[in-house]
Amino acid sequence: MIPRVHKRGSRTVGLIFYLYEPGRCEEHTDPHLVAAWDAFAPDPGRHPDATYADLAQLLDQPVDALSPSRRLDQHVWHLSVRAAPDDPYLTDEQWADIARRMVAGTGIAPDGDDAACRWAAVRHADDHIHIIATLVREDGRRPRLNNDVARAQAEARLLEAEYGLRKLNPGDGTAAKRPTSAERHKAQRAGRERTAREELREAVRGASAGAASTDEFFDRLAADGLLIRKRIAPSGDLLGYKVALPGDRNKDDEPVFYAGSTLAPDLSLPRIRERWSLQATAASEGGSETAQPTLPPVTHPAFARRRAAAATWQALLIIDHGDDGTAAAQIAAAGEVLDALARTSAAHTRAELRQAALVFERASRSHVRAVRGHDHALRQAAHDLVHSGPALSRGEDGATTAMVIDMAVFLAITAANWHAKRHHSQQAAAAQQAAEHLRTAYQAAAAHPIAALCRRGQRLAPRMRQRQADLLHQALPELAERIQAEPGWLALAATLADARQAGHDPAALLAEASRRRELDTATSISDVLVWRLRRSAHLPAAPENPQATSARDGRRTPTPTPTTPPAAKAANHPGRPH
């Protein structure tokens with residue numbers, strides 16, 4: 001159940017007119033009262049002799065009884081209460097009970113208070129009601145409406161339990177502003193699936209992902225086709241910005257601009273600049289505990305995805321073991337990586353990655369203030385993803401996309417657990433939802449490279465496959481049988497053979513991969529180990545030669561091709577073991 005306290009108004013009859021009229025898109029059907037302060041209140045929807053003015057006049061009587069000097073300019077209180085899409089149908093009697101509970105819980109009309117405010121509840125759709133009240137009590141005093149938004153939410157949680165409705169997660173005031181009904185109806189009339197506010201929010205988040213300067217940020221907005229209006233101080237300093245969609249215009253045929261801060265709290269220019277200034281500080285302070293070395297420029301999508309996977313792996317450890325401010329910064333920067341992945345990935349994964357980025361946006365903010373500068377590695381990864389350009393669906397691009405998405409699934413789950421421990425219900429739910437979209441994207445991205453590795457594993461000599469199985473039982477005795485029963489086991493066997501051929505100790509790699517992060521909750525443990533081992537051992541994610549195996553097989557053994565420049569290898573994990 002979703003209660004929403006709307007902006008207060010000054011014209012009671014104007015709001016009544018809106019509630020009873022058909023609406024701009026004929027969306028209001030059978031408008032009528034379900035409850036009111038007085039059982040005999042006139043209902044313009046059901047009684048032909050009742051008018052909007054009659055109902056408004058009665059609601060306004062306590063207001064009109066005051067002297068002009070004591071009257072409030074904004075005396076009309078408005079609360080909408082909406083059922084969730086999958087909730088059962090509620091009768092008029094049930095909605096009437098909900099309305100009475102809401103006006104009592106918010107302080108409009110407490111139970112047993114005969115001098116409370118006047119109010120009325122109108123139903124004009126199956127799934128919601130509107131409650132209108134005037135903010136003067138019968139005794140001439142004003143109601144106590146301190147924190148009415150939170151009190152409405154608390155009452156909604158009780159009603160959900162009593163009526164068996166879907167339990168929604170309470171908010172904490174850090175969510176982006178939802179589109180208004182006028183914005184939704186305008187989008188419907190224009191044939192758009194989403195409102196201008198939602199489209200602009202996604203575009204601005206994408207443009208800010210990994211951006212390193214104001215110029216780069218605005219260049220990206222312009223490249224996306226947005227209209228930009230900058231707010232300049234008399235001194236010439238840039239103070240803020242607004243953006244608009246070219247086709248979104250008001251009644252005067254002028255573009256409708258939205259300030260960044262009205263799209264989301266973290267999209268104001270000062271908040272975006274925090275990322276750049278503190279990232280630059282962290283990168284320049286070579287002796288700082290949180291400083292990260294400046295990596296060589298990335299020119300290939302596969303390199304960018306490898307770096308993103310490495311940065312994501314380190315972020316997991318920081319969220320698990322760092323303080324709250326540092327962890328919050330990692331989670332916020334993870335949203336930028338998802339935005340960048342959605343912008344640059346191939347078509348077969350783009351839709352799910354886009355949905356993951358959209359829902360994870362809610363998980364990227366809470367009342368825990370992110371300590372910027374600690375997120376340099378992830379922000380650099382987002383920057384590299386954008387600047388390396390679109391990735392192909394096959395080859396090393398496609399395989400490293402699967403690698404980084406696999407890491408991103410764990411990062412989303414880690415973020416969900418972090419938020420849940422701090423009772424950030426909406427953020428935890430959003431991160432879990434993002435993880436589901438990422439799992440779907442992973443299946444699409446990994447299908448071809450895992451199948452190719454499985455074919456290579458199938459071509460291993462039986463003696464070599466048994467050697468890898470023995471190694472698995474030695475390193476992971478509790479999980480070995482489960483892993484061997486998975487479809488990806490042969491891909492893991494091929495990876496272990498590749499690691500040995502490249503001069504690594506496969507047993508040590510397996511032990512390290514399993515020790516640094518739990519495995520038993522993974523959908524496919526073998527897939528997870530494939531990507532962890534290929535990343536940490538710097539093996540090609542999608543070896544070009546399908547016959548690359550151990551020399552003991554008697555097959556051709558090509559010279560391994562490095563996938564990451566030596567300088568970048570060292571920089572990916574400064575001072576840390578793989």
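**Exercise 1.** Does D30 count as buried, partly exposed or exposed?

*Solution.* The model is predicted. Start with the place: D30 sits in the loop between α1 (12-20) and β2 (32-36). Next, take its relative accessibility, which is 45%. Buried means under 20%, and exposed means over 50%. D30 therefore counts as partly exposed. One more detail concerns the backbone. D30 is not a glycine, yet its phi is positive, about 50 degrees.

**Exercise 2.** Find where H538 lies, and decide whether H538 is buried or exposed.

*Solution.* Locate H538 first: it is in the loop between α20 (525-536) and α21 (566-572). Its relative accessibility is 15%. The cut-off for buried is under 20%, so H538 counts as buried. Its phi is positive too, about 55 degrees, although H538 is not a glycine.

**Exercise 3.** Work out the strand order of the five-stranded sheet, and name its edge strands.

*Solution.* Read across the sheet. The order is β1-β3-β5-β4-β2, the pairing is antiparallel, and the sheet is open. Now look at the ends. β1 (2-5) and β2 each have a single partner strand, so one side of each is left without a neighbour in the sheet. Neighbouring strands are turned by 20 degrees against each other on average, direction ignored.

Zoom in on one pair. β2 and β4 (residues 117-125) run antiparallel and are joined by four bridges. L33 stands opposite V122 in β4.

**Exercise 4.** Repeat the analysis for the three-stranded sheet.

*Solution.* This open sheet has the order β6-β7-β8, with antiparallel pairing. The edges are β6 (227-232) and β8 (258-259). Each has a single partner strand, so one side of each has no neighbour in the sheet. β7 (residues 238-244) pairs with β8 over two bridges, in the antiparallel sense. K242 stands opposite A259 in β8. Helix α7 (residues 214-223) packs on the sheet and touches β6 and β7. Its direction makes about 15 degrees with that of β7.

**Exercise 5.** Check the span of helix α13, then judge how enclosed the helix is.

*Solution.* α13 covers residues 376-388, which is 13 residues. At 1.5 Å a residue, the helix should span 18 Å. Its end C-alpha atoms are 18 Å apart, so the two values agree. Now turn to burial. Of the 13 residues, 10 are buried, so α13 is largely enclosed by the rest of the structure. Among the buried ones are H376, L378, R379 and S388. After the helix comes G389, with a positive phi near 90 degrees.

**Exercise 6.** Classify two helix pairs by their packing: α11 with α13, and α16 with α18.

*Solution.* Two packed helices are described by the angle between their axes and the distance between the axes. Take the pair with α13 first. Helix α11 (residues 324-344) packs on α13 at about 10 degrees, with axes 8 Å apart. That makes the two roughly parallel. The contact includes A333, V337 and L341 of α11, and L378, A382 and L385 of α13.

Now the other pair. Helix α16 (residues 462-475) and helix α18 (residues 489-501) pack at about 95 degrees, with axes 10 Å apart. They are therefore roughly perpendicular. L471 and L472 are among the α16 residues in the contact, and W489 and L492 are among those of α18.

**Exercise 7.** Which residues touch the most other members of the largest nonpolar core?

*Solution.* The core has 90 residues. F360, L438, I483, L492, L529 and W531 touch the most other members. Helix α14 (residues 395-421) supplies the largest share, 14 residues. Beyond four places in sequence, I483 touches L472, L476, W489, L492, I525, S526 and L529. A second, separate core has 29 residues, including A83, A121, I129 and L159.

**Exercise 8.** Trace the surroundings of E352.

*Solution.* E352 is in helix α12 (residues 347-363). Its relative accessible area is 27%, so E352 is partly exposed. Leaving out residues up to four places away in sequence, E352 touches H437, T440 and A441. R439 is 87 residues away along the chain, and its C-alpha atom is 8.9 Å from that of E352.

Notes
Residues numbered from 1 in each chain as written. Predicted model: local features only at pLDDT ≥ 70, side-chain atom pairs only at ≥ 80, totals over all residues. Heavy atoms only, no water. Expected span 1.5 Å × (residues − 1). Buried < 20%, exposed > 50% of the residue type's maximum accessible area, 1.4 Å probe, protein only. Core = buried A, V, L, I, M, F, W, Y, C linked by side-chain atoms within 4.5 Å. Contact = heavy atoms within 4.5 Å. Pairing = 2+ DSSP bridges. Axes fitted to C-alpha atoms, helices over the stretch in contact; angles between N-to-C directions. Parallel < 35°, antiparallel > 145°, perpendicular 65-115°, else oblique.
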